[in-house]
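Hi there,

Here is the structure I promised to pass on. Please have a look at it first, and then read my notes below.

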Amino acid sequence: MNKIDFSKLKKIYFAGIGGIGTSAIAKFMLENNKKVIGSELINSEIVEQLKKLGIKIYIGQKAENITKDIDLFVYSPALPFDHIERKTARKLKIKEISYSEILGLLSKNYNTIAICGTHGKSTTTALTGLIFEYGKKDPNVIVGSKLKQWDGNMRLGKSNILIAEACEWKAHFLEISPKTILINNIELDHPDCYKSEKEMINTFQKFVNKLKKDNLLIINNDSKQSKKIKTKAKIFTFGIKNISDLMAKNIKIDVKNQKQIFDLYFKNYPISKIETHLPGIINVYNILASLAISLNYEVDINAKKAILNFDGIWRRFDRVGYFDIKNKFHLIKNINSINLKDKSLLISDYGHHPTAVKGTLKAVKEFYPHKRIILAFQPHEHTRTKVLLKEYIKSFDNANLVIFEEIYTVPGRESKQETSMINSKEVVEKIKKYNPKLKIKYAKDNLEVKSLIKSNLKKNDILIIMGAGTIYNLIKEF
């Protein structure tokens, strides 16, 4: 994609503007004084937020939405080549680019830090941005989730630093031109794109090959797949198990105060004590990753206070509310100010990979060791469920009750043959065979999930609603 002179653009149209990535770029352009309009199939939280910012959004995608005065047409990666709005834009000779392409073009204008990996990239991107903000680096940030500190999924700064979440799906991150790449971990995912872990590692290698000698690669030294990546750039490592440049040692869980605490070591020398309200070993890695970037960009170590003030992002161990003793639901503004005695905590989580499911349940068990855990889970895509079936079966041991919804099918992404290859009933039977002691129930849809929650939820329970599909609608209902 050739360079675009953004200063000459006046009106930009975003097709699929409600996507988490597309909406971030739309807001970025709006704050850079561009006229932004767009379309989406249905209304959503993100769409409503964009409307409040003054963006005109068509609900329904059709040819008449596209007019000759549009300077640039940006489309969500979910929209096919023959989509009606894309066809109309080409017919009117409007410049047409994808979300990943516009992010790539923006990255060329900044000192770009690209954060990637199968797990933890959204949390790491958000936290890195916050640490840079606390350290007065005034970064630009684009992240694949929302955080309350920025009231959304992006931050517009005045510096030349862009911290961007870099997604591996369909190798979209290859569009980005970074000065620094951080790889949190690599594990097989997106089997609709990658047929093997080796193919996935090779794609990450292609991305890292974009770095020059004076650029920087930061890797998780405990991830054996990440360590296979080679580079001519400078390398900085972080880890917990293997000797690394930056390490977390003496990790402790303070159940009473809902904290993880660890000693931070640089070059085997203790430099700080870190406290966080984020649970789970994955978040220790996320914090190490953020601090590794910060140290290399000379952010004052005192900016670590951002970590203690960060209680996570939207739909990542998101403690959204609780049910009181009368089963009335209440939203939570600050989890650390809530006494959960006789209350049932509701956690919303986007996790859908077996490693994420297993890690989240373990983290809940560590932070709430004496509570009963109910997990309502919806697998995401039949191909992922089939390919990672052995891992899924072993992921639920820390739950007391699992409500297993039918697999979510992403519209337009799977064929009829693929959607018929496996179903949730089959998975439930295999989980029962693997762990006969686990209480697990099948649900065909959200209505059945909700009914099973109501009939099983007791005071002091932890309820997790997890998945990247329609199961999230239950959170909005509550």
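What follows is a short tour, from the whole chain down to single residues.

First, the ground rules. This is a predicted model, so to speak of local features I needed pLDDT of at least 70, and side-chain atom pairs count only at pLDDT 80 or more, while totals for chains, interfaces and linings use all residues. Residues are numbered from 1 along each chain as its sequence is written, and side-chain values use heavy atoms, with hydrogens and water left out.

**The whole chain**

The protein chain holds 15 helices and 22 strands; these are DSSP runs numbered from the N terminus, with helices being H or I of at least four residues and strands E of at least two. Its C-alpha atoms fill a box of roughly 60 × 55 × 45 Å along the principal axes.

Of the 478 residues, 59% count as buried. Here buried means under 20% relative accessible area, exposed means over 50%, and partly exposed is in between (1.4 Å probe, protein chains only). The chain exposes about 21300 Å², and carbon and sulfur atoms supply 50% of that area; accessible areas come from the Shrake-Rupley method with a 1.4 Å probe, and for residues only the protein chains shown count as cover.

Contacts (heavy atoms within 4.5 Å) reach well along the sequence: among those between residues at least 6 apart, 64% join residues at least 24 apart. On charge, there are 81 positive and 50 negative side chains, and the centres of the two sets lie 2 Å apart. Lys and Arg count as positive and Asp and Glu as negative, with His and the chain ends not counted; each charge is placed at NZ of Lys, CZ of Arg, CG of Asp or CD of Glu.

Helix α1 (residues 20–31) has 12 residues and reaches 17 Å from its first C-alpha to its last, close to the 16 Å expected at 1.5 Å a residue. The expected span is 1.5 Å times one less than the number of residues in the helix. Nine of the 12 residues of α1 are buried, so α1 is largely enclosed by the rest of the structure. Among those buried residues are Lys-27, Phe-28 and Met-29, and the cover over the buried set includes β1 (11–15), β2 (35–40), α2 (45–52), α4 (99–107), β7 and β8 (152–155). Just after α1, Asn-33 takes a positive phi of about 65 degrees.

Helix α7 (residues 281–296) has 16 residues; its end C-alpha atoms are 23 Å apart, which agrees with the 22 Å that it should span. In α7, 12 of the 16 residues are buried, so this helix too is largely enclosed by the rest of the structure. The buried ones include Tyr-285, Ile-287 and Leu-291. Glu-298, which follows α7, has a positive phi near 55 degrees.

**Other positive phi values**

Lys-170 has a phi near 50 degrees and is found in the loop between β9 (161–165) and β10 (180–183). Gln-258, with a phi of about 55 degrees, is in the loop between β13 (246–254) and β14 (259–266); at 15% relative accessibility, Gln-258 counts as buried.

Asp-138 is in the loop between α5 (121–134) and β7 (140–147), and its relative accessible area of 25% makes it partly exposed. Not counting residues up to four places away in sequence, Asp-138 touches Phe-132, Arg-155, Gly-157, Lys-158 and Ser-159. Its C-alpha is separated by 16 Å from that of Leu-291.

Glu-418, in helix α12 (residues 416–419), is also partly exposed at 25% relative accessibility. Beyond its neighbours within four places in sequence, Glu-418 is in contact with His-382, Thr-383 and Arg-413. Glu-418 and Asp-138 are 46 Å apart, C-alpha to C-alpha.

Asn-109 is found in the loop between α4 and β6 (111–116) and is partly exposed, at 39%. Leaving aside neighbours within four places in sequence, Asn-109 is in contact with Lys-3 and Phe-6.

Best wishes
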